[in-house]
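The points are grouped by topic.

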Amino acid sequence: MRLALFLLFSGVVHADFPKVYNSEPGEPRPTTPEQALAALHLPEGFKATLFAYEPDVQNPIALSWDKQGRMWVAENYTYAERQKRFDLSLRDRVIILEDKDWDGKAESRKVFTEDVQMLTSIEVTDAGVWLMCPPQALFIPDANHDDEPDGPPQVILDGFTVAKDNYHNFANGLRFGPDGWLYGRCGHSCPANIGVPGTPDDKRVPMKGGIWRYHPEKKIVEVLTHGTTNPWGHDWDENGEMFFINTVTGHLWHLIHGAHLVDSNTPNPLIYEKLDTIADHYHYDRSGSWSESRDGKANSLGGGHAHIGMMIYKADQWPEQYRNKLFTLNMHGRRANVERLERNGSGYVGKHEPDVFLSDDPWFRGIEISTGPDGSGFILDWSDTGECHESTGVHRTSGRIFRISYGDPKKPEKPFAWRMPWPKADLNGDEHQRALAIREMVQFWPLDLITGAQHPLADPNLEPIDVAMFKQLVSLAKSDKSSLVRLQLASVLQRLPLLHRAELAIALLSRTEDAEDPFLPNMIWFGISPLPADALLEVAKNCTWPKVNRWIARKLATDPQALNQLLNINSSDAVIEGVSEAFKGIRKAPKPSNWDNVARMSRSPLVRDLSILFGDGRALNDVKKTALDAETDAASRQAALRTLIDARPADLREFCESLLDDRAVNGVAVKGLALFGDPEIGVKLAKQYRKFSQTDRTAVLDVLVSRPAFVHALLDQVGDKKAVPRAELTAFHARQIRGFKDEALTKKLIEVWGELRDSSADKHELMKKLKTQLSAAELAKANLGNGRLMFTALCGSCHVMYGEGGKVGPDLTGSGRANLDYLLENIVDPSAVVSADYRMQMITLKDGRVVSGMIKEQTDRTLTVRQLTEELTVEKSEIAKQESPPVSMMPEGLLIALPDEARRDLIAYLMYPTQVPLNK
């Protein structure tokens, strides 16, 4: 890929643009441009025109405007279907469209460049054209404004990874902000490691989703937020506040410098809770799956989970009711969602306004919305029937641009005459001006979201922190009446040297009215989390905010001296909760010297378990009584037994064995017995397998495959007329058995269960065989209700379907499963393409157990593994070996053990477009 990019950027001019082709099967034809125009439903008084359409514009992916009022459009042809990801035999193009008579139809078209690839974004300035072509951000100079490049593209930034195992979430969204920085976006499935060309790895800025910015004069880049899934649109309001849109998870976010946002997997272990969407609603039913919102099923809520493109309308061509509203295109709803931005505490909330610009065109794929030079709105239409995953192929020869106006738009005396100057930064102005002034004061103070300490790209020539300026910020924190200003000050914390952070934090925390603010507690913690114990204890002396106290306690709890000091300062329920969170997965800890007094005075329900952790035998006896009490509710008994297992008393084995006949708690008791390596335990569990409820049986199997000694006993009992039905032993369990590399066990597994195929040729032959067996006629005979039952048993512990199931693997509700080839490829050979998010870990513990799953989180002392039925937290000191084979969490051989009819029913159910009822 880098070779291809090098050849393109070497200055060679290509004489012929490669022939563009469509890759969808069956050669479908899109609606005509005129039909697409007629399919738009507009509010009363609005009208739309076809500004441009194929062949003048094709696959438009982004746009920008120059000062003359001309539209610059990025056309992307290289993006391909899932199997290819990119077709680098093609190239992408930048065109210039101009409407000279302002009638809503472009009469002029120029090609600026057609020598780039993987083009996702464009921005135009007086100096030239800025392009995002992952893994690089480029600048093409055009200083003489002749609409021709002055030279080859210059790489301004690189490190925007195009993940080997993914095909969307690419870096995108170049746009200069009112502060003179170039802003951009990055999705979480293509994590970046950004720097100017030649920056060594240890000096680059990592990010996994979020917003970044680059200063073209100082040549520095910084990541402003970490998180979200796939941001693909942003804009600034009239006050200079930036908002951005996102897909899948919450759709609307306010840019707060230094924020960690939901759906980020930050390597910073001190980020305990992330900020969520600012919208008070979703555009799909959250009780089900986000992917269930396709095909119009969520139209009553706004259209679905996928949002692309965004503008905040600041012009005056449309009626006043639309001014300062936020518009974003909803892919599956084929419409524009409208958000009303209101203040909420120190930040904002987005309220759902009525949707507009609905399209009946099944080919409509709105991908950008922008305010034009006359105040009209413009919508780019990618024009295809697929979506960003493009599992159905790409239709490259279509594309439309609509202009949407109110009444009869007039030719502006000057393009963009409606644009008002941005607010002037002023510490004596209104709250927005004061917030902008603070942002401007500290804009070159380094920001690092990963370690929270020192920005790796900080300019060594920058002056140190101005002490007088810092004191001014502390004074503002104590006295300013605006929580928006205080939010900006909280953002400053991460730009300060550690030495100065506690003073500003204490000033902010003195504002008790902000204790329950939706943003400030998180932002303050993000800033103070890397402070040493003495500084955090000083903060704790001056803090009454519950969340911040909880997080301080969570960090300091594993330092015995610091914990003693903290409990002397504050032993509130929030502090106790933080201590409990810190010791998750840890069995024993030194007892704080003042713990007995804290336990006696506290009403927190967490005190009992912490007392056991600290070695209190009386609390342990109370837990045993609860676990044994048949009159107590099952949930409380199970919780008590889990506490006992974590404590590991000397009589744990006998205690758990005594509960194996008690269905209320035997599923938990098995996990206690897993800690002991006696083969007789495996024999007992295997023989008594049918005594366990259906919901507990997977957990029993997890235990039986955790030790070779147990596996022998398990395989002795596998069979349709034995204790363990063959179909209940999954391919996941079979793979773990093979992982022991014990020839006798593998041979026995093949005899009683079946054989996993290793080679690509074997898998290819199996796929051919299954495709022949699963003909359309055969699938038509399927019992779909039974297929749903098979899905629940085999797949439901890991995958969500129609809102039900586990969240270990991807949601399958709308994953291209109607295509049999796609389905078989992913089931028979799930490791062909493995996203890092779903790569399996094999962990061998010192007590002989082997557990497999995905790493959910880890601290300096513990590791949490997400397994099929539960999450297991272990101390790192208990781990003997950790391996990460390049295989998917999903096992191969899933279909091998199934009878033909069961296999047919499962596949038919997976391919069926809607949910089906269970068999009675």
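D179 has 30% relative accessibility and therefore counts as partly exposed; buried means under 20% relative accessible area, exposed over 50%, and partly exposed in between (1.4 Å probe, protein chains only). The model is predicted, so local features need pLDDT of at least 70 and side-chain atom pairs count only at pLDDT 80 or more, while totals for chains, interfaces and linings use all residues. Residues are numbered from 1 along each chain as its sequence is written, and side-chain values use heavy atoms, with hydrogens and water left out.

**Salt bridges**

- The structure holds 54 salt bridges, each being a side-chain nitrogen of Lys or Arg within 4 Å of a carboxyl oxygen of Asp or Glu.
- D179 is bridged to R213, with 3.0 Å between the closest N and O atoms.
- D179 is in the loop between β11 and β12 (182-186) and R213 is in strand β15 (residues 210-215), so this bridge ties together parts 34 residues apart in sequence. Helices (H or I, at least four residues) and strands (E, at least two) are DSSP runs, numbered from the N terminus.
- R213 is buried, at a relative accessible area of 1%, whereas D179 is partly exposed.
- E273 and R550 form another salt bridge, in which the closest N and O atoms are 2.7 Å apart.
- Because E273 lies in the loop between β21 (259-260) and β22 (307-312) and R550 in helix α9 (residues 546-556), the pair ties together parts that are 277 residues apart in sequence.
- E273 is partly exposed at 29% relative accessibility, and R550 is buried with a relative accessible area of 9%.
- D847 and R707 also form a salt bridge, the closest N and O atoms being 3.8 Å apart.
- D847 belongs to the loop between β32 (841-845) and β33 (850-858) and R707 to the loop between α19 (694-704) and α20 (708-716), so parts 140 residues apart in sequence are tied together.
- The relative accessible area of D847 is 30%, which is partly exposed, while R707 counts as buried at 6%.
- A network of salt bridges links D66, R70, K110 and D147.

**Aromatic rings and charges over rings**

- A search of the whole structure finds 33 aromatic pairs. Rings of Phe, Tyr and Trp (its six-membered ring) pair if their centres lie within 6.5 Å; planes under 30 degrees apart count as stacked, over 60 as edge-to-face and the rest as tilted.
- The Y79 and F170 rings have centres 6.0 Å apart and planes at 80 degrees, so this pair is edge-to-face.
- Y79 is in the loop between β4 (71-75) and β5 (92-98) and F170 in the loop between β10 (154-158) and β11 (172-176), so the pair ties together parts 91 residues apart in sequence.
- Y79 and F170 are both buried.
- F46, Y313, W318, Y322, F327, F357 and Y406 are linked into a cluster by ring pairs.
- The charged end of K218 sits over the ring of F444, 4.9 Å from the ring centre; this term requires NZ of Lys or CZ of Arg within 6 Å of the ring centre and within 35 degrees of the ring normal.
- R419 lies over the face of F416, 3.8 Å from the ring centre.

**Nonpolar cores**

- The largest nonpolar core has 92 residues, of which L504, I524, I528, I552 and F583 touch the most other members. Such a core is a set of buried Ala, Val, Leu, Ile, Met, Phe, Trp, Tyr and Cys residues joined through side-chain atoms within 4.5 Å.
- Helix α6 (residues 498-509) supplies the largest share of this core, seven residues.
- A second, separate core of 76 residues includes V668, V670, L898 and L910.

- Q317, in the loop between β22 and β23 (326-330), is buried with a relative accessible area of 13%.
- The Q317 side chain reaches the backbone oxygen of Y406 at 2.6 Å.
- Leaving aside neighbours within four places in sequence, Q317 is in contact (heavy atoms within 4.5 Å) with D374, G375, S376, S405, Y406 and P409.
- R903 is in helix α27 (residues 900-911) and is buried, with a relative accessible area of 10%.
- Not counting residues up to four places away in sequence, R903 touches L770, Q773, L895, I896 and L898.

Conventions:
A polar contact is a pair of N or O atoms within 3.5 Å; within protein, one must be able to donate a hydrogen and the other to accept it, and residues adjacent in sequence count only if both atoms are side-chain atoms.
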